[in-house]
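Dear colleague,

Below is the structure I said I would pass on. My notes on the ligand site and the domains follow it.

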Amino acid sequence: MDPKAVAAEKAVEYIENGMVVGLGTGSTSYHAIRKIGERVSQGLRIRAVASSAKSEQLARECRIPLAAFTAIDHIDITIDGADEVDRQLNLIKGGGGALLREKILAYNSKQTIIIVDDSKLVDTLGKFPLPIEVTPFAVELTLAQLERLKGNPYIRMAQSERFVTDNGNLIIDCHFDAIRAPEELNTKLHLIPGVIETGLFLHTPFTRVIAGYADGATQILGA
Ligand code: 5RP
């Protein structure tokens with residue numbers, strides 16, 4: 001079995017009638033959105049908001065009712081993937097480039113469920129490059145600041161062009177190897193003008209992580 005689909009299927013069980021649901025981005029969230037679509041076709045009544053244009057498009061294809069942000073005042077549950085999860089449930093996210101919108105949804109959700117395959121569970125964050133969303137203006141200067149922090153930074157490319165986020169920004173991927181003090185690093189990164197948001201998700205309120213395994217088992221970490 002696909003462990004991503006296993007985790008996604010379990011997470012979707014937490015959705016109830018009447019909820020406002022935040023939709024994540026990426027290949028694991030893809031499975032969740034498809035499953036939510038299935039439940040909607042069977043009568044589940046929800047409204048959803050998406051963390052990327054791609055997930056919004058998929059939600060439309062799955063006939064999931066979408067709400068405008070002007071029409072909601074809260075999000076009940078967000079289901080999203082992650083690139084790494086440590087034992088304190090700190091995350092690296094943004095491999096798909098949607099970290100800013102994902103963080104806004106997670107921060108404003110009563111409950112966030114992170115769905116991963118078991119390979120994403122780590123002792124220390126940092127093997128996966130840390131994505132940082134930055135303004136395109138003077139990106140070379142922002143890059144130089146990240147070099148000073150020993151981030152070994154690279155501007156993300158898509159084919160031969162710079163990757164552009166749904167917000168019109170760029171992503172710089174940093175290679176810190178081992179992030180032993182994620183809060184300290186996050187604070188330093190946010191002090192750099194030009195950094196809009198980082199892929200470090202620390203103390204996201206009400207985070208529960210569901211890890212899926214190839215044998216169909218799931219492991220639930222957190223609340
Ligand atoms: C997108 C993300 C994704 O959730 C993360 O990259 C995991 O992706 P996948 O589910 O494809 O492994 O943060 O910005």
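**Ligand site and domains**

A polar side-chain atom of D83 lies 2.6 Å from an oxygen atom of the ligand. The model is predicted, so to read it: local features need pLDDT of at least 70, side-chain atom pairs count only at pLDDT 80 or more, and totals for chains, interfaces and linings use all residues. The protein covers 91% of the 380 Å² of accessible area (Shrake-Rupley method, 1.4 Å probe) that the ligand has on its own.

There are 17 residues around the ligand (a heavy atom within 4 Å), and S27, T28, D83, G94 and K120 come nearest. This shell divides into two nonpolar, nine polar and six charged residues, with Gly counted as polar and Asp, Glu, Lys and Arg as charged.

The ligand sits in the largest pocket. A pocket is an open set of points on a 1 Å grid over the protein atoms alone where a 1.4 Å probe fits, with protein on both sides within 12 Å along at least five of seven lines; to sit in it, a molecule needs more than half of its atoms within 2 Å of its grid points.

The chain is divided into domain 1 (3-121 + 202-222) and domain 2 (130-198), with bounds from an automatic or database domain assignment. Their centres, taken over C-alpha atoms, are separated by 24 Å. Across the boundary, 15 residues of domain 1 are in contact (heavy atoms within 4.5 Å) with 17 residues of domain 2.

Regards

Note on methods:
Residues numbered from 1 in each chain as written. Heavy atoms only, no water. Polar contact = N/O pair within 3.5 Å; in protein donor to acceptor, adjacent residues only side chain to side chain. 1 Å grid on protein atoms, 1.4 Å probe; cavity = no way out; pocket = protein on both sides within 12 Å on 5 of 7 lines; lining within 4 Å.
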